[in-house]
Amino acid sequence: MNKPASVPGQFDAVVVGAGFSGLYMLYRLRQLGLSVKVFDSAGDVGGTWYWNRYPGARCDIPTTDYAYSFDPDLEQEWTWSEKYATQPEILDYLRFVTDRHGLRSDIEFSTTVTSARWDEQEERWRITTDARKELRCRYYIMATGCLSVPKSPDIDGASRFAGRVYFTSRWPHEGADFTGQRVAVIGTGSSGIQSIPLIARQASQLTVFQRTANFSIPAHNGPASAERLKQLDEDREGYRHDARWSRGGIPLEPTDILGVTASESVRRERFEAAWAQGELFGILNVFADQGLNPASNDIVAEMIREKIRSIVTDPGAAEALSPKDHYFGTKRPCLDTGYFETFNLPHVRLVDLRKQPIVSVTEEGIDTADESFAFDALVYATGFDAMTGPLVAVDVAGRDGVSLREKWASGPSTYLGLMTAGFPNFFMLTGPGSPSVLSNMTVSIEQHVEWVTGCLKDLREAGFETIEPTALAESGWNQHVQDCAAITLHPTANSWYMGANVPGKPRFFLPYIGGVNAYRQACDDVVSQGYLGFRMTGPGGTRCRDGVIRRMQPDVAMVMELVAAMGLPPMDTLSAADARALMAAMAQTRPPGPEVGEVTDGVIPGPGGDLPYRLYRPAGPPEGPRPLVVYFHGGGWVLGDLDSDDPLCRDLCARSGALVVSVNYRHAPEARFPAAALDAFAAVQWVDAHAAELGGIPGQLAVAGWSAGGNVATVACQLARDAGGPYLAGQVLICPVVDSDMTRLSYQENGEGYILTTALMRWFWDHYADPADRGDRRAAPLRGNLPGLPPTCIVAADFDPLRDEGVAYARALEAAGVPVRLARARGHTHTSVTMVGVVISGAPVRAEIAEALRNFFPNAAPQEPPS
Ligand code: N01
């Protein structure tokens, strides 16, 4: 039972919303012994399932998974009748849960919270409702759902229509009878796609107005999957545990099959299996790369389009119904029952608004550019102001009276999707920045509610009364949310995930796409690190451990995990020969890098013998000579060769439009300092002298290098300047070794655990140079004479032990009057920027490098960057 309010109108917590999340929140808050009041505008529990009563409304997550797991007895007592339950059945389920736990007594229905204002003095929220009721609470929790504020119809003349108007999101409780009527449905998202086949059964004429064709697969509804039921019966707790630690909130083994490399038969087999299964996460898991790689995505998309063409008999309609303007999965795909088949019925017509846009709604119906339509009823299935809409619908004002709407004017900002700075003790369930709509909502909701109650319990036990995120933690999380989205195809779509469906809404990827498991881990890590990024206050004082919970780029973190799982021996424990063999073996498994026009191998006469080189010529026009870049590979002067950096050289060549001459140099320990540096300088001299023969523009020459290659590249620059030539237009140094001092902060921070370790760096130095030589400017060019060096681009990666020496070199060059561009590889390691085709988040850094190279050669022809 709930604890009654000790002072009338004063509660420990106020919760807005009595759907899946609000009900469970109430249940847990009661368990903490708190007094709670829940408000909902609806007349009963159910949230989204209360409002969205349109014909055909069902869940699109199998009901075996779309249910609470916190109450094992409840799980035994409730049996779903179908694989995907109807809206009435889900509503019945929520009523059943409500009554089973006696939750109703604390919920005030048909009451809308209109404002919530933080009272600084009292450290309480003042809540006002549309019933003019005022109350106070310590904790204010919005369980308002992600898709609960309908988008208002942004169509001219919408109010003029004289017939009946329906919104799928506000369907009348008494239902709608379309028998014998001429009906229009506007919108072909999930709501339109679910309702259209059922409306078509009644209507005498149905016209569907489609702006964007949508991907949909058959739900194959029926009994719940026997396999899932068996798994649940055998080990319910294990099944739920796997769901909680899965990517989407349903136990599923992510595939590692890549669409781009799979054989035609494997592609077909995997797709047909997913199509036959009829599950969202199945069709999103045909290939591991379909959400990342356009080519892979197109394989799945085309197979779906093929299916549409095989179902819809009119080729024109089939074509119009085939989505082509967004990648599959970047707008929420739908599960349907007979959707495409409906367009074969003689009384159903599709109007493609791309060809025939709506001009206005009229008294009789709809006028498009070409036609006037008359209807008895209009159905708007036009969607929602998703995720942020429900939160800013209430006038929430935090510290200094700043409202949430003001704070989020250019996009939402949250920590973990749960809280936002400046709004103490204000929690959001499934807020922007949480996995929510990309996951099985019920699993995410349970995680949120349990995290919030755990937090309130911890606060109480530690004697704190308020909690609020710091600005640093919050901006770090926002960045992480956007970083996770940026490596996928999602930001390319005009989806509601991006806020693109609501005119004027800032374009911002709203949910967290890193996965339910990764999100749960981040939330747990925040707690285990003493509520990292939260400020807590109480009578005993303030506690704040400030910081950012996820700083590494998500794909870099994935690579690090994969490498760790391989259990490779540390390089610094191997002989040089074994380390080279290991590196060569690793190189076999990576993607080849982009296509270039031509690759030719040759040799350069060096001071200690021939130096092999590989020349990369960009594809396509213009014909004729190009600027030249002499590139030196990484590998600590010991490892690496022309093959090791081949994908990176291809990438540099394709992006910059320059000829890239990758030169091998003598390696240690066979040839120690200064052999590598002298070879590099000799190579630069030779390429300069042979520029025309190589297809280059004489006098348009730059150098580049990664790691130890950056070291020899910049030493070659210094030697060239001292020798009065060759003239170099610029240098690109990617995470270079420029000093032998290993005491900088970045060594302390990143010296272990990020592939290039302090131990490995020591191993490299030991192989390359005697301690007495390590201060020589040809080993430690930071200590050299810097004025007169060419314009420089230096890449410094956050998680690189060499980061700070790179930054120090940039500062020193600047101080010496050299134009410098310091490219910060945020969230990257020493190696990750160079992992072409593996670490997608490295691409913008390489684009910056290419831009720097192009700027060295202002007269060079512009180049189309590779996709
Ligand atoms: O809304 P939507 P929804 N003129 O935004 C079109 C969940 N859900 O209610 O794409 C003409 O997806 C709009 O066109 P466009 C699910 O997560 C789940 O259908 O913007 N057309 C689009 O076709 C889902 O994703 C289930 O070009 C206009 C449609 O209206 C989310 O809710 C069931 C227009 C809106 O589609 C939202 O789905 C239902 C205009 N002015 C919903 N404005 C389950 O299965 C908009 N449109 C559990």
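This note goes through the ligand site and a few backbone features of a predicted model.

1. The ligand has 25 residues around it, and of these Lys151, Asp154, Ser191, Thr212 and Lys331 come nearest. By class, this shell is made up of nine nonpolar, nine polar and seven charged residues, and its largest share, three residues, is supplied by helix 5 (residues 190-202).

2. Of the 900 Å² of accessible area that the ligand has on its own, the protein covers 89%.

3. Two peptide bonds deserve a look, given that most peptide bonds are trans. The bond from Pro621 to Pro622 is cis, with omega near 0°, and Pro622 lies in the loop between strand 23 (609-617) and strand 24 (626-632). The bond from Phe673 to Pro674 is also cis, with omega near 5°, and Pro674 lies in the loop between strand 25 (659-663) and helix 21 (675-689).

4. Phi is positive at Glu123, at about 55°, although this residue is not a glycine; Glu123 is found in the loop between strand 4 (113-119) and strand 5 (124-129), and counts as partly exposed because its relative accessibility is 26%.

5. Thr430 likewise has a positive phi, near 60°, and is placed in the loop between strand 18 (426-428) and helix 15 (441-462). With a relative accessible area of 3%, Thr430 is buried.

Note on methods: Residues numbered from 1 in each chain as written. Predicted model: local features only at pLDDT ≥ 70, side-chain atom pairs only at ≥ 80, totals over all residues. Heavy atoms only, no water. Near = heavy atom within 4 Å. Areas by Shrake-Rupley, 256 points an atom, 1.4 Å probe, with all protein chains shown as cover. Helix = DSSP H or I, 4+ residues; strand = E, 2+ residues; numbered from the N terminus. Nonpolar A, V, L, I, M, F, W, Y, C, P; charged D, E, K, R; others polar. Buried < 20%, exposed > 50% of the residue type's maximum accessible area, 1.4 Å probe, protein only.
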